[in-house]
Amino acid sequence: MPTNKKPQVTAAEPGAATAPDRRGELLNTAAEVFAEQGYNATTVRKIADEAGMLAGSLYYHFDSKESMLEEILRTFLDELWDGYDTVLAAGTGPRETLEALVTESFREIDRHRAAVAIYQKESRQLVAQERFGFLADSQRRFEKAWLSTLERGVESGTFRADLDIRLTYRFVRDTVWVAASWYRPGGQHSPEEIARQYLSMVLDGIAVRE
């Protein structure tokens with residue numbers, strides 16, 4: 001749980017309400033609280049406490065905790081898809097594409113660890129709400145990107161012909177994103193190094209043996 005609370009302030013300073021740096025700080029704080037306590041259990045007051053301000057002051061920046069959560073998840077997914085779209089547009093072979101998708105995923109965990117944890121815990125319930133419909137759209141795109149890469153690998157002879165594509169997709173998806181539960185930015189291993197270690201284990205199991 002976030003610690004080291006800042007002294008509380010009663011209102012935003014003139015011009016500070018829309019400052020990008022302060023807004024980003026508040027979103028980061030909210031993401032950590034959502035990830036630790038769960039969305040439903042988190043109150044605006046709790047977020048404000050962790051940010052060192054009164055709950056009323058938080059409304060200078062956001063109209064609700066729903067707005068904060070939406071911006072946290074949209075920011076994470078927008079950046080994820082910027083990276084994924086670049087990988088998919090590169091036209092590389094299926095193995096290279098899979099390697100790049102995995103590496104990009106670990107980079108996003110490094111950038112947005114709390115948002116990834118929220119996505120994993122909350123998305124199943126959130127997709128039922130109209131304002132979070134973008135989560136379902138992203139899930140469909142995500143599944144299509146990974147399944148098509150695996151299918152290309154089997155069709156080209158890069159991956160084993162007996163590979164259960166959907167099962168493999170689920171395994172890769174879950175084992176990559178669960179890293180958000182233990183990964184901490186600035187640790188001993190960079191996201192690229194974690195991706196290399198992960199890929200060395202996974203690809204030896206699905207690549208055609210020479």
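Ile206 is buried, because its relative accessibility is 7% (buried: under 20% relative accessible area; 1.4 Å probe, protein chains only). The model is predicted: local features need pLDDT of at least 70, side-chain atom pairs count only at pLDDT 80 or more, and totals for chains, interfaces and linings use all residues. Residues are numbered from 1 along each chain as its sequence is written, and side-chain values use heavy atoms, without hydrogens and water.

Ile206 belongs to helix H9 (residues 191-206); helices are DSSP runs of H or I with at least four residues, numbered from the N terminus. Beyond neighbours within four places in sequence, Ile206 contacts Leu98, Thr158, Phe159, Arg160, Leu163 and Thr168 (contact: heavy atoms within 4.5 Å). Ala89 is 117 residues from Ile206 along the chain, and their C-alpha atoms are 23 Å apart.

Helices H4 (residues 65-89) and H7 (residues 133-156) pack at about 25°, with an axis separation of 11 Å. Axes are lines fitted to C-alpha atoms over the stretch in contact, and angles run from 0 to 180 degrees between N-to-C directions. H4 is therefore roughly parallel to H7 (angles under 35 degrees). H4 contributes Glu70, Leu73, Arg74, Leu77, Trp81, Tyr84, Asp85 and Leu88 to the contact, and residues from H7 include Phe142 and Trp146.

The largest nonpolar core holds 61 residues, with Val102 and Trp146 making the most contacts inside it. Such a core joins buried Ala, Val, Leu, Ile, Met, Phe, Trp, Tyr and Cys residues through side-chain atoms within 4.5 Å. H4 gives the most to this core, 10 residues. Not counting residues up to four places away in sequence, Val102 touches Trp146, Val172, Val176, Ala195, Tyr198 and Leu199.

Note on methods:
Helices (H or I, at least four residues) and strands (E, at least two) are DSSP runs, numbered from the N terminus. Angles under 35 degrees count as roughly parallel, over 145 as roughly antiparallel, 65 to 115 as roughly perpendicular and the rest as oblique. Buried means under 20% relative accessible area, exposed over 50%, partly exposed in between (1.4 Å probe, protein chains only).
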